[in-house]
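Keep the viewer open as you read.

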Amino acid sequence: MSPTTARSKPVGYRPGAGSKGANAAVFTVLAVLAVLFLIPFYLILRNAFATDAEITAPEWMWFSPDPAWGNLQRLFDDPAVPMARSMLNSAVVAVLTTVGTLFLCTTAGYGLARVPWRHANKVFYLVLATLMIPGAITFVPSFVMVSSLGWLSDYRGLIIPGLFSGFAAFLCRQYFLGFPRELEEAARVDGLSHWGAFWRIVIPNSGSFLAAIAVITFVGAWNSFLWPLVIGRSPDSWTVQVALSTFLTAQTVSLSQLFAAALVAILPLVFVFLFLQRFLVQGVAQTGLKG
Amino acid sequence: MAVSTETAPPDATAGAGGRAPRPRRRKGGWRTALTFWYFVGPFLAGLLVFTYIPVLWSAYLSFFDARNTVTPLPEDFVGFGNYVRMLQDAAFTDSLVTFTVFAAFIVPLTFACSLGLALLLNRVRLMRAFFRSVFFLPFACSYVVASLVWKMSIFNGVRYGMANSVLDLFGIEDVPWLFDPSPPWYWLVIVSLRLWIQCGFYMILFIAALQQIPEHLYEAAYVDGAKPGWQTFWHITLPQLRATSVAVLMLILIAAYQAFDEFYNLIGNQAYARPPLMYLYTTALGTQQDLGRGSAGALILALIIAIVTVLQGRFLGFGNAEEK
């Protein structure tokens with residue numbers, strides 16, 4: 001990439017080198033910070049598998065000597081706690097939001113980047129303008145719309161308004177502008193339409209970009225709280241975040257159940273982090289370029 | 001990483017106008033128009049229905065006494081009444097003060113911590129991937145889950161809470177972190193929570209930016225006798241991170257402006273520590289369902305953030321910095 005690689009390095013220059021002591025200090029600082037960062041996860045685990053009496057004991061307890069593995073089972077068996085239902089709702093909302101956003105925003109982004117219609121730029125400015133308005137502040141106007149459509153406490157109200165992300169469309173447009181044009185032109189010469197080239201050539205060759213957008217959308221949808229709180233009026237339509245928040249503020253469940261519920265709620269994303277972190281990191285790096 | 005550099009928007013608007021020549025196909029052809037609408041139509045329709053129409057509708061509602069209704073009668077017209085009442089309402093102005101205090105804490109702290117983590121990670125050789133994952137992992141936690149842990153386990157204000165257990169080791173009395181507005185210890189709870197969740201996110205951005213800094217700059221600095229460490233950081237690393245730093249500061253600020261989840265779950269609708277969105281939520285969707293006033297508030301807040309964005313862009317040369 002840089003022409004300097006061919007040149008010889010200055011004498012005595014060792015990139016990133018420090019004394020042994022400095023390196024050890026950096027490592028120690030990082031290790032201490034890592035422990036601090038993991039404490040909340042540790043607390044969730046500890047409390048999810050303890051009894052209430054153990055959690056509230058005045059003596060500090062590292063782990064329950066007799067872990068209450070049954071807490072999870074009891075959480076799902078308790079008819080007063082809509083845990084299974086809220087997990088299902090979250091899964092449906094997060095998956096459909098991801099699929100819908102991917103479909104709508106990649107097609108829109110591709111159209112804006114590649115179809116040379118005369119007024120394409122004017123449409124693009126309409127999309128750009130929405131980036132100026134922070135999403136959370138539009139929840140009042142969106143609520144007005146959704147309630148007059150009769151979509152309160154409904155999957156439609158939870159999912160559909162979130163699909164039209166101007167930002168995702170913008171990212172897709174930027175990505176497709178950088179997509180090698182020769183590949184598509186070869187396909188067009190072979191008689192494929194724009195639509196055909198998009199599905200047969202462009203999409204299959206954009207796997208890692210699409211995965212990045214998908215993962216970041218999924219995480220956002222799973223963790224989102226304000227909009228589901230506004231829309232989910234009946235307990236049947238609560239997502240897991242709204243359910244957790246209700247348990248927390250109304251104090252309707254025991255402490256150990258509360259933490260067991262928190263554990264269940266973060267598990268899907270912990271798996272995403274473990275197995276798809278590469279795409280997530282890439283997605284974050286892309287999102288950050290918003291500016 | 002390769003993809004992200006490709007997609008780096010040099011400037012959002014420059015790409016639209018000054019691109020390479022389009023293919024020969026006639027631009028005005030109805031077939032091209034049809035193809036364009038195939039691709040963009042569904043998205044644009046959604047954008048109109050779920051962004052543009054609601055915002056306009058809301059602007060309309062903001063001039064009416066619209067309680068519990070989205071279709072007010074003509075006689076409920078109040079002109080700028082909602083705006084005037086909003087700006088005179090101490091709770092609204094207090095919420096702006098709350099946001100200002102919050103931003104004063106969270107923006108510099110997040111910036112310093114995420115940059116610090118990125119620099120440390122850049123130096124360490126051993127277990128780098130592990131550390132990166134650990135610092136990034138809190139991003140998997142929702143604000144609701146984090147609030148739950150912070151409120152019920154770390155800062156619960158009673159003896160068995162973690163923070164108080166630690167204080168106990170030093171013989172310090174229990175502190176009721178969240179439940180007593182004076183002294184305002186709740187800021188420590190709120191700020192540490194957000195710091196924990198978002199540091200890793202911005203750290204990733206800084207790591208990506210650090211890797212873009214050309215090695216030869218450091219070599220040249222070495223030849224010119226710059227001491228590694230502070231001098232190199234101040235004169236090479238920091239200026240090279242300028243574009244990313246500006247973007248990160250902006251993102252942290254806008255995110256802080258929209259803070260709601262942790263305030264709602266940690267403190268709820270109390271007279272203290274009520275950020276703008278909390279105020280908006282209780283006005284528009286509380287028992288009153290005052291959508292007229294809620295709409296006025298939403299528009300005022302949107303206007304403030306738009307002004308801040310534009311001003312920041314002007315002063316910090318946002319677009320120019322990105323172009324490099």
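Start with Ser153(A), which sits in the loop between α6 (139–149) and α7 (155–159) of chain A. Helices here are DSSP runs of H or I with at least four residues, strands are runs of E with at least two, and both are numbered from the N terminus. This is a predicted model, where local features need pLDDT of at least 70, side-chain atom pairs count only at pLDDT 80 or more, and totals for chains, interfaces and linings use all residues. Residues are numbered from 1 along each chain as its sequence is written, while chains are lettered from A and ligands numbered from 1 in the order in which they are written.

Back to that serine: Ser153(A) has a positive phi of about 50 degrees, even though it isn't a glycine. Ser153(A) is partly exposed, with 15 other C-beta atoms within 10 Å. (Buried takes 20 or more other C-beta atoms within 10 Å, exposed 12 or fewer, partly exposed is in between, and C-beta atoms are placed from the backbone.)

Chain B has a positive phi too, near 50 degrees at Ala273(B), in the loop between α13 (261–266) and α14 (276–285). Ala273(B) is buried, with 22 other C-beta atoms within 10 Å. For another backbone detail, look at the peptide bond from Ser182(B) to Pro183(B): it is cis, with omega near -5 degrees. Pro183(B) lies in the loop between α8 (162–169) and α9 of chain B. As background, most residues other than glycine have a negative phi, and most peptide bonds are trans.

Now zoom out to the two chains. In all, 101 residues of chain B are in contact with 96 residues of chain A, contact meaning C-beta atoms, placed from the backbone, within 7 Å. On chain B's side, helix α3 (residues 30–61) gives the most, with 20 residues.

What about the largest nonpolar core? It has 162 residues, and Leu244(A), Ala262(A), Val145(B) and Ile204(B) have the most contacts inside it. (Such a core is a set of buried Ala, Val, Leu, Ile, Met, Phe, Trp, Tyr and Cys residues joined through C-beta atoms within 7 Å.) Helix α9 (residues 186–212) of chain B gives the most to this core, with 16 residues. Take Ile204(B): leaving out residues up to four places away in sequence, Ile204(B) touches Val281(A), Val284(A), Ala285(A) and Phe136(B).

Finally, confidence: chain A averages a pLDDT (the predictor's confidence in each residue, from 0 to 100) of 86, and 92% of the residues score at least 70.

Terms used:
Contact = placed C-beta atoms within 7 Å.
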